[in-house]
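Hello,

Please find the structure below, handed over for your use. Notes on what was found in it follow.

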Amino acid sequence: MLTAEQNDELTQVAAGTPMGELLRRYWYPVAFTRELEEFPVRPARLLGEDFAVFKTPRGRYGILPEACPHRRASLAYGVVEADGLRCPYHGWLFDADGSCLDQPAEREETNFRSRVSARAGVVQEMGGLVWAYIGPAPAPRLPRFDVFVMDGVRDIGWTDLPCNFVQIMENAVDPHHTEWLHGRFFEFMARHQGFDAPPSFGKKHIKVGFDVFEWGIIKRRVVEGASEEDDDWKIGHPLVFPYNMRVGGANIEQMQIRVPVDRTTTRFMLYTVHAPVGVEYPPQPSVPDYQIPVYDSSGRHRVDYVEGQDMMAWVTQGPITDRTVEHLGRSDIGVTMLRRMFKEQMSRVSRGEDPLGVYRDYRSQIDLPCEKNKFDSGATFAIDFIDRASSRFSPQADALKKLHIKAHENRKAHENGKADEKGKAHENGKADEKGKAHENGKAAAG
Amino acid sequence: MTAGSVGSPGVAVGGDVHRGWFPADAERHRRDAPRYCPACAAALALAEGGQGLITEYWTGRDRVFVCFCGACGWSGDIVLAARVTGHEAAE
């Protein structure tokens, strides 16, 4: 439970607010790489502000406020040129740094253009996404988290949700919801709607734990039948502060991304890499993206898959959930920890310090801790994941299942081969020993 | 990748009577939440000019206030305990 003022502060995204200033210290995905290949300029909304993001023919990316500094027409309808983006209205040209290079209707000697610049952000491409930083200079490094740079077959599911991103992030430190929302509720809906619910999600939580680490909060759990020696506790998986959650298991690696588009809109993205060992990955000229359904044809939430259930919970909490009338219990300590972390990092920013997860030394790959054996459910998790989670809507869902099955068969064949070799070696060893004994025996007898 | 702008800057936050339940608990929270940092005595509540955060959760009949002070960085739990119990000293 919070006061209204605290809830207000926690859920702001606007520049000038403590939370908005904190959020402006991070990089966010603002477009799919393929979108700017198909057409070199498009609108993007981030943290309540509107931008034009573009790619020049020379391959340089840029992001500028959508409204032209001249007379506010949209630069998202701009003309992309070698040097930058030209306003469609009167032809003012801006480069990716925001400098005004040309004002065709003004006389050159007035030097008016040196007095007018656009407040540019910084843009980079990584893993099929175009990332932008719109905070104060100098921009920190774009974190090269493992899923965005590792080998594998990738795709990106996405949708826009009509709610504040903080309530989505609170779900990331709430392990108990899994056994109910994705367990009991899933079974209930399956019984009534006639489909199969995967049993792996419904296991009872015996224990949950949270640790602050370099990139956020590691969430741990022990489910019934498992122990602290299992991956779910020993490794866990992290909330990657302030807007991601890293999940995975059974050779599927995923970053769940929750971009605060504005105060009551969140771009939810499921960036997935299928990386089964034992198979060669087919080449991907571009990363496929697909929209995941939120509602059914009657306007009700679609709850026959895992993320559909999550989205139902997040959206039905309200555009900005009213935390003045919530009732947290002991099982919600992860939620209280996250709120404290947000507030602590707001304080750091107000003191002029870098907040958690902002880093400035280049690393080619940042490996995040993430369990491999999910819910103690073994290899079936990969197929459950594709059949009963958002991946089922991927245009490559069938190919992905075949990939996992093929990899599994190859691994088995490899293991059997090794076992055969071992067996043979063992037999040969025994035969050798027998032979030697026989020889020795003969020699001894001789 | 542009979202439809569903929200508006003037969305009401907290005290949403159409979605709100238990307003008495909200009132008790405002009344009972710690007002000053135990470490540096700075105000905690935003409404009183503080820079802290206080989240309340319940455990049994106890009310736990998870506090963070933005002035000095102190954080800790303050418990309004309905009953204080002890146990036998270990031998």
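An axis here is a line fitted to C-alpha atoms, for helices over the stretch in contact, and angles run from 0 to 180 degrees between N-to-C directions. Please keep in mind that this is a predicted model.

Helix packing in chain A: the axes of helix α6 (residues 177-193) of chain A and helix α8 (residues 306-316) of chain A come within 10 Å and cross at roughly 105°. Angles of 65 to 115 degrees count as roughly perpendicular, and α6(A) and α8(A) are therefore roughly perpendicular to each other. On the α6(A) side the contact is made by Leu181(A), His182(A), Phe185(A) and Phe186(A), and on the α8(A) side by Val306(A), Gln309(A), Asp310(A) and Ala313(A). By class, that contact has five nonpolar, two polar and one charged residues.

The sheet within chain A: three strands form an open sheet in the order β2-β3-β4 (chain A), with antiparallel pairing. β2 (41-46) and β4 (61-65) of chain A each have a single partner strand, so one side of each is left without a neighbour in the sheet. The twist averages 30° from one strand to the next. Five bridges pair β3 (residues 49-55) of chain A with β4(A), where Ile63(A) is the bridge partner of Val53(A).

The sheet with strands from both chains: an open sheet of four strands has the order β19(A)-β1(B)-β2(B)-β3(B), and its pairing is mixed. Its edges are β19 (328-329) of chain A and β3 (75-80) of chain B. Strands β2 (residues 62-68) of chain B and β3(B) run antiparallel, joined by six bridges; Arg63(B) stands opposite Leu80(B) in β3(B). Helix α9 (residues 333-350) of chain A packs on this sheet, and its direction makes about 175° with that of β1(B).

Regards

Notes: Residues numbered from 1 in each chain as written. Chains lettered and ligands numbered in written order. Predicted model: local features only at pLDDT ≥ 70, side-chain atom pairs only at ≥ 80, totals over all residues. Pairing = 2+ DSSP bridges. Helix = DSSP H or I, 4+ residues; strand = E, 2+ residues; numbered from the N terminus. Parallel < 35°, antiparallel > 145°, perpendicular 65-115°, else oblique. Contact = placed C-beta atoms within 7 Å. Nonpolar A, V, L, I, M, F, W, Y, C, P; charged D, E, K, R; others polar.
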